[in-house]
Amino acid sequence: MRKEHQSSQLRGHFHRSDTLTNRSTSVDRGLERARGELHRLLADAERKDAWTKPTRGTRWTNEQLLFHMVFGYMVVQRLLLLVRVMGRFPDGVSRIYARLLDAATRPFDLINYYGSRAAALVYNRHRMGTKMNRVIVSLQRGLARSTDDALRRGMHFPSRWDPFFRDYMTLEDVYRYPGQHFDFHQHQLTLN
């Protein structure tokens, strides 16, 4: 009887590990897909000399918006650290933090807009592909080291800052966020 119980615990352990592996693999594929897609978009923009063309629904040029798409991945590097720390505190701590950030949405929007314009001068068409490669490798390393418990840990987010921020996000959600952000903005590019 005892051996049977241990065997069922092991099956449960392997099932949880398989689930973790499947989720990690799915997130990792999303990271790789975005990396490849960014390089394709950069090549299209170069071939069509579309860097300075205005985008659909934003005030950025194609080059600025492409940087902003890369920036989504750069931000996640910091957000992962924040979730790892805040996820250890009582729920109310991150709820208050998120409310304070939501109250600062207007200044955030201005910083987000002008910051992406300015940063695109540094991480421009010649550097953003390399930056994306480095960031993706860093995210993949962190993902590979994340345990199932860590991926389930989360915190409250300022949901007014970004349409893809939900009130509460787990570490796994944060790993998935930049892909959603990337795909949304990709449709605003005018590379055709």
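A pocket is an open set of points on a 1 Å grid over the protein atoms alone, where a 1.4 Å probe fits, with protein on both sides within 12 Å along at least five of seven lines, and its lining residues have an atom within 4 Å of a point. The structure here is a predicted model, in which local features need pLDDT of at least 70 and side-chain atom pairs count only at pLDDT 80 or more, while totals for chains, interfaces and linings use all residues. Residues are numbered from 1 along each chain as its sequence is written, and side-chain values use heavy atoms, with hydrogens and water left out.

**The largest pocket**
- Its volume, meaning the space filled by probe spheres set on grid points that are joined across faces, edges and corners, is about 810 Å³.
- The lining of the largest pocket consists of 37 residues, and those nearest its centre are His 68, Phe 108, Asn 112, Trp 161 and Asp 162.
- Two or more lining residues come from each of α2 (62-86), α3 (91-103), α4 (105-122) and α7 (171-186), where helices are DSSP runs (H or I, at least four residues) numbered from the N terminus.
- The element that gives the most to this lining is α4, with nine residues.

**The second largest pocket**
- The second largest pocket has a volume of about 180 Å³, and its lining residues include Gln 77, Arg 84, Ser 138 and Tyr 175.
- Two or more of its lining residues come from each of α2 and α5 (128-145), and α2 gives the most, with five residues.
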